[in-house]
Amino acid sequence: DTHLGGDDADHALVNVFQREIAALLGTEVTELPVGVRRQFLSLAEAVKIKLSDAAEARVDVDLGAGRRYERTISREEFEGLIEPLVQRTLTIASRVVERAAQQGAGPLDAVIMVGGATRIPLVRQRVGKLLGLEPYIALDPDRVVALGAAVQAAVLDGVTKGTLLLDVIPLSLGVETVGGAVAKLITANSAIPARATEMFSTSVDGQTSIRLTVYQGEREMAADCRRLGEFHLRGLPPMPAGIPQLEVQFLVDANGILNVSAHERRSGKRAALQVVPNHGLTQEEVERIERESLTHAREDMDRHRVVDLIANSRLDLKWIGERYERYAGQLEASYRESLGAKIAALRSLLARAEAQWTSVEPGEFQRAKEDLDRSSIRLQEVSIAQSLRDADEKPGAS
């Protein structure tokens, strides 16, 4: 289900925050300032992450005029909110197991958790109960995909035998992202027909046009892959970076024709491109590309990770930095100093990475970003509260 993931859990919490704050203010949810939506999402994600380790998480937002939104969210309440999402996951898992049984597969040896949302205790509990096996959680769920790629490499290299061959896509297909990396939507060896959808956004304020360049290949950077085509999504209303919701869909039909479509949800703007992904490549060329991807795998993955961290850290520093400068006077001195130090630490790593990506250790970069994200929860609460007070003080506000 390409429309199911950890973001859905965040939105479930956001709906609670907005509904209850609107009730406190005596207004409708639709009348809350649009600008605080992003701040609610950041706060919700932090609460979700905390509830994976703690029994409860506290939210405290000063709404102004003597009003305060104080809320303790228990893990039990959170699990009730995401129950329908977990059930959708279990439905898919049941279907897969049933199909495997029909094809004569033996019993399951282990259940590996994939993706950050599988850190949620309820997800692990329900999956274990459904499949009758305690999920194996010694592996980082965000790195399991890389291990899966290693299995694919073993198949390609002939190490793994007896694999059923299907009509598959020879090389991965994706789009170029900020920094020159390639986000792969459909991976090599996916059975045809294949479909994948991914959400993207902008990295520059006021962007009214988005260029989408489609690539084919197994390397992580666009410069090392084969360019298939390019199209533009124009006429977007100017919005802050990170606010546009760009849905990109890849569809490879039974004839191997790739159809790429882009839809910006907020404005309704659409654009599309059609290409033949395997045109002009011989089997020898495909094998060469695969060999090169294995040779450079570690370097490519590290570079892609750093490039993504650069893009995400720029946005974090922009959003958090702007709010820090604006609301520093409303923060406790110790918290203000601690948060300022973490902002400075991430800025230093970002500057080094922008100058030369090999000058930073990806794990250290990731930890610094996550540390700042977690530490900014209190700042987000202050920012939300001030935004609501400002809206409440506008002429004609109720």
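**Close-ups of a predicted model**

By the rule used here, the count of salt bridges comes to 24.

**View 1. Arg143 and Asp140 pair up in a salt bridge.** The closest N and O atoms of this pair sit 3.7 Å apart. Arg143 is exposed, at 52% relative accessible area, while Asp140 counts as partly exposed at 30%.

**View 2. Arg265 and Glu247 meet through their side chains.** Here the N to O distance of the salt bridge is 2.8 Å. Arg265 lies in the loop between strand 9 (258-264) and strand 10 (270-275), and Glu247 in strand 8 (residues 246-252), so the pair ties together parts that are 18 residues apart in sequence. Is Glu247 buried or exposed? Glu247 counts as buried because its relative accessibility is 17%, and buried means under 20%.

**View 3. Lys342 and Asp371 form a salt bridge.** The closest N and O atoms of Lys342 and Asp371 are 3.4 Å apart. This one links distant parts of the chain, with Lys342 in helix 8 and Asp371 in helix 9 (residues 362-375), 29 residues apart. Both residues count as partly exposed: Lys342 has a relative accessible area of 23%, and Asp371 comes in at 27%.

**View 4. Helix 7 packs against helix 8.** Helix 7 (residues 297-327) and helix 8 (residues 333-355) meet at an angle of about 145°, their axes 10 Å apart. The crossing of the two is left-handed. On the helix 7 side, look for Val306, Ile310, Ser313, Arg314, Leu317, Ile320, Gly321 and Tyr324. Helix 8 brings Arg336, Leu339, Gly340, Ile343, Leu346, Arg347, Leu350, Ala353 and Glu354 to the contact. Sorted by class, the residues of this contact are 10 nonpolar, three polar and four charged.

**View 5. Helix 3 crosses helix 4.** The axes of helix 3 (residues 75-102) and helix 4 (residues 121-131) come within 9 Å and cross at roughly 35°. Left-handed or right-handed? The crossing of helix 3 and helix 4 is right-handed. From helix 3, the contact takes in Arg75, Glu79, Ile82, Glu83, Val86, Leu90, Ala93, Ser94 and Val97. Helix 4 answers with Pro121, Leu122, Val123, Arg126, Val127, Leu130 and Leu131. The tally for the contact of helix 3 with helix 4 is 11 nonpolar, one polar and four charged residues.

**View 6. Zooming out, the protein has 10 helices and 10 strands.** Its radius of gyration is 23 Å, close to the 21 Å that the globule rule gives for 398 residues, so the protein is as compact as a globular protein of that length. Along the principal axes, the C-alpha atoms fill a box of roughly 70 × 45 × 40 Å. How much of the protein counts as buried? The share is 41% of the 398 residues. Of the contacts with a separation of 6 or more, 65% come from residues 24 or more positions apart.

Definitions and conventions
Residues numbered from 1 in each chain as written. Predicted model: local features only at pLDDT ≥ 70, side-chain atom pairs only at ≥ 80, totals over all residues. Heavy atoms only, no water. Axes fitted to C-alpha atoms, helices over the stretch in contact; angles between N-to-C directions. Helix = DSSP H or I, 4+ residues; strand = E, 2+ residues; numbered from the N terminus. Left-handed = near helix turned anticlockwise from the far one by under 90°. Contact = heavy atoms within 4.5 Å. Nonpolar A, V, L, I, M, F, W, Y, C, P; charged D, E, K, R; others polar. Salt bridge = Lys/Arg side-chain N within 4 Å of Asp/Glu carboxyl O. Buried < 20%, exposed > 50% of the residue type's maximum accessible area, 1.4 Å probe, protein only. Rg over C-alpha atoms; globule rule 2.2 N^0.38 Å.
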